Amino acid sequence: MQSHADQIVQALKEKRLRVTPQRFAVYANLLDRTDHPTAEQILGDLNRDAPMSSQATVYSSLQALYKAGLVREVLLEEGVRRYDANVAPHHHFRCETCGTIEDIAWDEIRDLSVGGVDRYEVTVYGQCERCAATLAAQGLPHKPDLSQT
Ligand SMILES: [Zn+2]
Ligand SMILES: [Zn+2]
């Protein structure tokens, strides 16, 4: 059985990317999480473990991984670029209270392809389970109650 590190090195090599400590660290960090971090969040994480990464090296590593198809960019908010190591087709859910972004399996949303559609991706907005529970505990409705106006 291969170790996690071997798998990462192999994935980089298969894409003909030179294996640098920064690329390795950035890709390993992304594979370990599902929260769709920004480059700044990855940088913060890496520097907590071992202060060695600069913003520029994290950005260039992300660009190399992105071009190689190992990570994808997720653009759900204006001007915010997030990264995801899950490159299989999937949709996203975004919590409007805490900003959490979760993956939604591709087949959980019915096929929306019609003639001429090449690709699409759905973003579902609402409250994550944690925020929904917090709001319920406070006796607040998930949405403004429009029936009582
Ligand atoms: Zn939430
Ligand atoms: Zn995702």
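**Close-up views of a predicted model**

View 1. Phi of Arg16 is near 60°, a positive value in a residue other than glycine. Most residues other than glycine have a negative phi.

**View 2. His36 in the loop between H2 and H3.** Although His36 is not a glycine, its phi is positive, at about 55°. His36 is buried, with 24 other C-beta atoms within 10 Å.

**View 3. The largest nonpolar core.** This core has 16 residues, and Val26 and Leu65 are those with the most contacts inside it. At least two residues of the core come from each of helix H2 (21-31), helix H3 (39-49) and helix H4 (55-67). In soluble globular proteins, nonpolar side chains tend to be buried together.

**View 4. The surroundings of Val26.** Beyond its neighbours within four places in sequence, Val26 is in contact with Ile42, Val58, Ser61, Leu62 and Leu65.

**View 5. The whole chain, for orientation.** The protein has five helices and five strands, and from the N terminus on its elements run α-α-α-α-β-β-β-β-β-α. The radius of gyration is 19 Å, well over the 15 Å that the globule rule gives for 149 residues, so the protein is more spread out than a compact globule. Along the principal axes, the C-alpha atoms fill a box of roughly 60 × 45 × 35 Å. Buried residues make up 15% of the 149 residues.

Key. Residues are numbered from 1 along each chain as its sequence is written. Chains are lettered from A and ligands numbered from 1 in the order in which they are written. This is a predicted model: local features need pLDDT of at least 70, side-chain atom pairs count only at pLDDT 80 or more; totals for chains, interfaces and linings use all residues. A nonpolar core is a set of buried Ala, Val, Leu, Ile, Met, Phe, Trp, Tyr and Cys residues joined through C-beta atoms within 7 Å. A residue is buried if 20 or more other C-beta atoms lie within 10 Å of its own, exposed if 12 or fewer, and partly exposed in between; C-beta atoms are placed from the backbone. Helices (H or I, at least four residues) and strands (E, at least two) are DSSP runs, numbered from the N terminus. Two residues are in contact if their C-beta atoms, placed from the backbone, lie within 7 Å. The radius of gyration is taken over C-alpha atoms; the globule rule is 2.2 Å times the number of residues to the power 0.38.
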